[in-house]
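Thanks for coming, everyone. I have one model to walk through today. Take a look at the screen.

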Amino acid sequence: MEIDYEKTVRYINTDLVLTAPVDLTSLAEVISPESESPDTATITRLHVGYIDGIGYQATFEAFDQYGNFKTPEESINCLLNCIEQLPVALQSLWRACSKKTLDIGYSSGVSPRYVINPISIHTLARMQSLGVDISITIYSMTE
């Protein structure tokens, strides 16, 4: 049976959204370098720049070698691994971020009746130690 993705509740991806009073370009270049191996997990830069009324913002998304991760926890851990490995010279820029959010995205739909994607206490503790909060975005299905 073919899956109708327009009507399926499913995990899409997790974005890391950073907001700061200072330019985040140098941090973005390390988190998402231009040259990455296609056979490993990669982090893609969705946006880096200044937004009126918000400040400087950078948004990233993680992918495994096959595309989107299957669960939020896999994607979150990929992003956290990258942050935990930041060079010492960029750690102050990380700390300067006034907002650090992992935004878990889901597509809404009519089936299955529910989707469960647990996030372990270990992953939550890693997030807490880095000052990262979490949000969940549900995108409505298209008609």
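Which exposed residues does the face of α3 turned away from its buried side carry? They are Val-88 and Arg-95. Exposed means over 50% relative accessible area, buried means under 20%, and partly exposed is in between, using a 1.4 Å probe and protein chains only.

Some ground rules. This is a predicted model, where local features need pLDDT of at least 70, side-chain atom pairs count only at pLDDT 80 or more, and totals for chains, interfaces and linings use all residues. Residues are numbered from 1 along each chain as its sequence is written, and side-chain values use heavy atoms, with hydrogens and water left out.

Confidence next. pLDDT is the predictor's confidence in each residue, from 0 to 100. The mean for the protein is 90, and 90% of its residues reach 70 or more. Confidence is lowest in strand β4, residues 67-68, at a mean of 86. It is highest in α4, at 98.

Now the layout. The protein has four helices and six strands. These are DSSP runs numbered from the N terminus: helices are H or I with at least four residues, strands are E with at least two. Along the sequence, the pattern reads β-α-β-β-β-α-α-β-α-β.

Of the 143 residues, 40% count as buried. The protein exposes about 8600 Å², and carbon and sulfur atoms supply 55% of that. Those areas come from the Shrake-Rupley method with a 1.4 Å probe; for residues, only the protein chains shown count as cover.

Contacts, then. A contact means heavy atoms within 4.5 Å. Take the contacts between residues at least 6 apart in sequence: 76% of them join residues at least 24 apart.

On to the inside. A nonpolar core is a set of buried Ala, Val, Leu, Ile, Met, Phe, Trp, Tyr and Cys residues joined through side-chain atoms within 4.5 Å. The largest one here has 30 residues. Leu-18, Leu-27 and Ile-31 have the most contacts inside it. The elements giving two or more residues to this core include β1 (10-20), α1 (25-31), β3 (55-64) and α2 (72-84). α2 gives the most, with six residues.

What does Ile-31 touch, not counting residues up to four places away in sequence? The list is Leu-18, Ile-43, Phe-60, Cys-82, Ile-83 and Leu-86.

Back to α3. Its buried residues are Leu-90, Leu-93 and Trp-94. They cover an arc of only 105° around the axis, which puts them on the same side of α3. The arc is that of the directions from the helix axis to the C-beta atoms. Those buried residues pack against β1, α1, α2, β5 and α4.

Compare α4. Here Thr-123, Arg-126, Met-127 and Leu-130 are buried.

Now the aromatics. Rings of Phe, Tyr and Trp (its six-membered ring) pair if their centres lie within 6.5 Å; planes under 30 degrees apart count as stacked, over 60 as edge-to-face, and the rest as tilted. A search of the whole structure finds two pairs. Tyr-11 and Tyr-106 have ring centres 5.8 Å apart and planes at 65°, so that pair is edge-to-face. It links distant parts of the chain: Tyr-11 sits in strand β1 and Tyr-106 in strand β5, 95 residues apart. Tyr-11 is buried, at 9% relative accessible area. Tyr-106 is also buried, at 14%.

The other pair is Tyr-50 with Tyr-56. This one is edge-to-face too, at 5.1 Å centre to centre and 70° between the planes. Tyr-56 is partly exposed, with a relative accessible area of 27%.

Last, some backbone and loop details. Most residues other than glycine have a negative phi, and most peptide bonds are trans. Just after α4, Gly-131 takes a positive phi of about 75°. The peptide bond from Ser-111 to Pro-112 is cis, with omega near -5°. Pro-112 lies in the loop between β5 and α4.

One more loop. Lys-70 is found between β4 and α2. Lys-70 counts as exposed, at 66% relative accessibility. The C-alpha atoms of Lys-70 and Asn-13 are separated by 8.3 Å, though these residues are 57 apart along the chain.
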